[in-house]
Amino acid sequence: MQTYNLSFEKIIDLGLIGVRIFIIVMMIIYVIYTVILSRRIKIMNQNLKTPYEKSFIKLSKLHMFASVAATAIAILAITL
């Protein structure tokens with residue numbers, strides 16, 4: 001019969017790897033969400049003309065850029 005040596009440190013390392021993968025996946029899902037939101041704002045502005053149309057577009061692009069930057073920084077911080 002073979003015994004496995006699972007120490008406390010190995011279990012903690014596995015948990016940390018799982019948390020890192022979870023964070024990366026959630027941030028990638030959030031980037032996808034911001035892209036979809038930006039496209040919806042673009043469609044909304046085509047159908048509904050308002051004086052704030054340019055502001056909405058600028059804010060959606062800023063939001064998308066910030067989410068991509070935050071995701072890139074998080075991935076770099078987690079992998080280093």
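**Figure 1. A nonpolar surface patch in the predicted model.** In this predicted model, Leu 14, Ile 17, Val 19, Ile 21, Phe 22, Ile 23, Val 25, Met 26 and Ile 29 together make a nonpolar surface patch of about 830 Å². One of these patch residues, Ile 23, lies in helix 1 and counts as partly exposed, because its relative accessibility is 34%.

**Figure 2. Helix 1 and its buried residues.** Helix 1 runs over residues 8-47, and its 40 residues reach 58 Å from the first C-alpha to the last, which is close to the 58 Å expected at 1.5 Å a residue. The buried residues of this helix are Val 31, Thr 34, Ser 38, Ile 41 and Asn 45, and what covers them includes helix 2, residues 53-79.

Figure 3. When residues up to four places away in sequence are left out of the count, Asn 45 touches Glu 53, Phe 56 and Ile 57.

**Figure 4. The aromatic pair of Tyr 30 and Tyr 33.** A search of the whole structure finds two aromatic pairs. In the pair made by Tyr 30 and Tyr 33, the ring centres are 5.8 Å apart and the planes stand at 35°, so the pair is classed as tilted, given that planes under 30 degrees apart would count as stacked and those over 60 as edge-to-face. Both tyrosines are in helix 1, and because they are three residues apart there, about one helical turn separates them. In an α-helix there are 3.6 residues a turn, so residues three or four places apart point the same way. Tyr 30 is partly exposed at 40% relative accessibility, and Tyr 33 is likewise partly exposed, with a relative accessible area of 43%.

**Figure 5. The aromatic pair of Tyr 52 and Phe 56.** Tyr 52 and Phe 56 also form a tilted aromatic pair, in which the distance from centre to centre is 6.5 Å and the angle between the planes is 50°. With a relative accessibility of 55%, Tyr 52 counts as exposed, whereas Phe 56, at 32%, counts as partly exposed; the cut-off for exposed is over 50%. Besides pairing with Tyr 52, Phe 56 is among the residues that Asn 45 touches, and Asn 45 is itself one of the buried residues of helix 1.

Definitions and conventions: Residues are numbered from 1 along each chain as its sequence is written. This is a predicted model: local features need pLDDT of at least 70, side-chain atom pairs count only at pLDDT 80 or more; totals for chains, interfaces and linings use all residues. Side-chain values use heavy atoms; hydrogens and water are left out. Rings of Phe, Tyr and Trp (its six-membered ring) pair if their centres lie within 6.5 Å; planes under 30 degrees apart count as stacked, over 60 as edge-to-face and the rest as tilted. Helices (H or I, at least four residues) and strands (E, at least two) are DSSP runs, numbered from the N terminus. Buried means under 20% relative accessible area, exposed over 50%, partly exposed in between (1.4 Å probe, protein chains only). Contact means heavy atoms within 4.5 Å. Patches are made of residues with over 30% relative accessible area and no salt bridge: like charges are joined within 9 Å, nonpolar side chains (Val, Leu, Ile, Met, Phe, Trp, Tyr) within 5 Å. Accessible areas come from the Shrake-Rupley method with a 1.4 Å probe; for residues, only the protein chains shown count as cover. A salt bridge is a side-chain nitrogen of Lys or Arg within 4 Å of a carboxyl oxygen of Asp or Glu. The expected span of a helix is 1.5 Å times one less than its number of residues.
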